[in-house]
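Please keep the structure open while you read this note. Each point takes up one feature to find for yourself.

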Amino acid sequence: MRSRTALVFLASIGAVCVSGCGGKPVYLVGDVDSDADGDSDSDSDGDTDSDTDTEPPPFAEVYAEDRLPTFRITIPEPCWDALLVAPDVYCSGDIVYAPTGDPGDEIALANVGIRLKGWASFQPLDQKPAFKIKFDEFVQDQELLGLERLTLNNMVQDSGMVRERLGYRYMRNLGLPTPLCNHARVYVNDVYYGLYANLQTLDKTFVNSLFDPAPGNLYDILDYFVDLLPGNEPLYDLETNEATPDISDLTALIASVNGPIGSFYTDAAARLDVEELLAFGGAQAVIADWDGYFGARNNYKLYHELERDRFILLPWGIDQTFGLYGDPLHHLNYAIDGSTSERENSFVFGRCKEVPECWGDYLEAVGAALDAWDETPFDDQLDTILAQVESSALEDTRKPYSNDDFYASLDGLRQFFEQRGAIVSEQLAAEGY
């Protein structure tokens, strides 16, 4: 039963999201070959068919999975000193982007905003900091191939250095609105700072590229463990439409999920794309995202999609996935009901568990995500990524783990690939699905 019903559910989600989540078709660019022989003829990795693809925007080359770009960041002494005092405040520096690492194809941008990034993953300048680059912070309308911002994650909480890239790719192949991601080599003041996850920023450029009309209101959380509870509006940061801020849509969303439990599912669906939300929940359950929205009220953004007038969930910070928690197999048996997340589950997820129709739809979403998992050749994808980045990872002496730890984490990841599907299938069966 799982295969048939789950695929029907996945098809319904695809009709909404792969076709553009109410707007433009999802674009795919430079996907890593998943065939064992390295060609790109197979559809076995779950990519959408060519008739649903569209011409990618210029910035997509920055995240092409068949490239390992280089970023050379110059931080002048005044900016360096400023970052030591206020690491989360932009200061002025320069950056050079080389798509293939060759000097002949470089794009140089001067006077860009540079700041450090991260909460639990934060590292100072003398270690391996993560970076946020804002191209137009000091020069109006300056951009890189249509990008306003660049996010370079340090992967200090992922000793395998591949989980974000694999996780976002898996979600994207489910037809969900997800940032593009590859790897990049990063230099600071001509010193190699290591291998980074080069992640598309969830900002106005992102939503404009996927939705039409756009932008609606995009909200980020300002602290750990923020949820859709009455009075929590100040804990969300409006990142679009700042010139004419109106957060009444967020207030209405919060009200819709906090009504009587008897009408919760219907009320929530009036403001929230519940199919998209549950599809993300299913994906997060399968990859054991214990630190995401469903498991922990953490690492997410909310976007008000205008065409359908519904909020959707956008994932962020998925480096704590695929069993990662020190021991790569710590969350191998992660429960699809979130009970082993080690954090308080989200309020909306908790209410969904109380409503049989919502819970049944959630199990359908887990089944769809499991079908996609079973059909994804993760080992082949990992092999292709490693062929591209392994030497850069070994050369990275700023990572806070050894090369032995790197390989041990990858071994654990392969075990997770091998065993997780059967575990999720058993959990679904125990739920009567």
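Where does Arg297 lie? The points below start there, and the model they describe is predicted.

1. **Arg297.** Arg297 lies in the loop between α8 and β10 (300-305). Look at the backbone there. Phi of Arg297 is positive, about 55°, although Arg297 is not a glycine. Arg297 has 14% relative accessibility, so Arg297 counts as buried. The cut-off for buried is under 20%.

2. **Ala288.** This is another backbone point to check. Ala288 sits in the loop between α7 (274-286) and α8 (293-296). Phi of Ala288 is near 60°, again positive in a residue other than glycine. With 1% relative accessibility, Ala288 counts as buried.

3. **Cis peptide bonds.** Which residues does a cis peptide bond with omega of about 10° join? They are Asp212 and Pro213. Pro213 is placed in the loop between α4 (204-210) and β8 (218-221). Pro215 is found in the loop between α4 and β8 too. The peptide bond from Ala214 to Pro215 is cis, with omega near 0°.

4. **The whole chain.** Step back for a moment. The protein chain has 433 residues, and 58% of them count as buried. It holds twelve helices and eleven strands. Take the contacts between residues at least 6 apart in sequence: 71% of them join residues at least 24 apart.

5. **The disulfide of Cys79 and Cys91.** A disulfide is a covalent bond between the sulfur atoms of two cysteines. The count here comes to two disulfides. In one, the sulfur atoms of Cys79 and Cys91 are 1.9 Å apart. This link is right-handed, with 55° about the S-S bond. Cys79 belongs to helix α2 (residues 77-85) and Cys91 to strand β2 (residues 91-98), so the pair ties together parts that are twelve residues apart in sequence. Cys79 and Cys91 are both buried.

6. **The disulfide of Cys352 and Cys358.** Here the sulfur atoms are 2.0 Å apart. Is the link of Cys352 and Cys358 right-handed or left-handed? It is left-handed, with -105° about the S-S bond. Cys352 and Cys358 are both buried. Number the bonded cysteines in sequence order, and the pairing reads 1-2, 3-4. Cys181 is another cysteine to look up: at 2% relative accessibility, it counts as buried.

7. **α9 against α10.** Helix α9 (residues 347-354) packs with α10 at an angle of about 110°, and the axes are 5 Å apart. The angle makes α9 roughly perpendicular to α10. Which residues meet? Phe349, Cys352, Lys353 and Glu354 come from α9, and Pro356, Cys358, Trp359 and Tyr362 from α10. By class, this contact has six nonpolar, no polar and two charged residues.

8. In soluble globular proteins, nonpolar side chains tend to be buried together. The largest nonpolar core has 92 residues, and those touching the most other members are Tyr170, Leu228, Tyr236, Leu302, Phe322, Tyr362 and Trp373. Which helix gives the most to this core? Helix α10 (residues 356-374) does, with ten residues. Apart from this core lies another, of 30 residues, including Ile133, Leu144, Val186 and Tyr193.

9. **Tyr362.** Pick out this residue next. Setting aside neighbours within four places in sequence, Tyr362 is in contact with Leu278, Gly281, Gly282, Ala285, Phe294, Ile336, Phe349 and Cys352.

10. **Gln142.** Gln142 is placed in the loop between β4 (130-134) and β5 (149-153). Is Gln142 buried or exposed? At 15% relative accessibility, Gln142 counts as buried. Leaving out neighbours within four places in sequence, Gln142 is in contact with Leu109, Ala110, Asn111, Val112, Phe135 and Asp136. Gln142 and Asn111 are 31 residues apart in sequence, and 9.5 Å apart in space from C-alpha to C-alpha.

11. **Asp405.** Asp405 has its place in helix α12 (residues 403-430). Asp405 is partly exposed, with a relative accessible area of 37%. Asp405 and Ser159 are 246 residues apart along the chain, yet their C-alpha atoms are separated by 6.4 Å.

Note on methods: Residues numbered from 1 in each chain as written. Predicted model: local features only at pLDDT ≥ 70, side-chain atom pairs only at ≥ 80, totals over all residues. Heavy atoms only, no water. Disulfide = S-S within 2.5 Å. Helix = DSSP H or I, 4+ residues; strand = E, 2+ residues; numbered from the N terminus. Buried < 20%, exposed > 50% of the residue type's maximum accessible area, 1.4 Å probe, protein only. Core = buried A, V, L, I, M, F, W, Y, C linked by side-chain atoms within 4.5 Å. Contact = heavy atoms within 4.5 Å. Axes fitted to C-alpha atoms, helices over the stretch in contact; angles between N-to-C directions. Parallel < 35°, antiparallel > 145°, perpendicular 65-115°, else oblique. Nonpolar A, V, L, I, M, F, W, Y, C, P; charged D, E, K, R; others polar.
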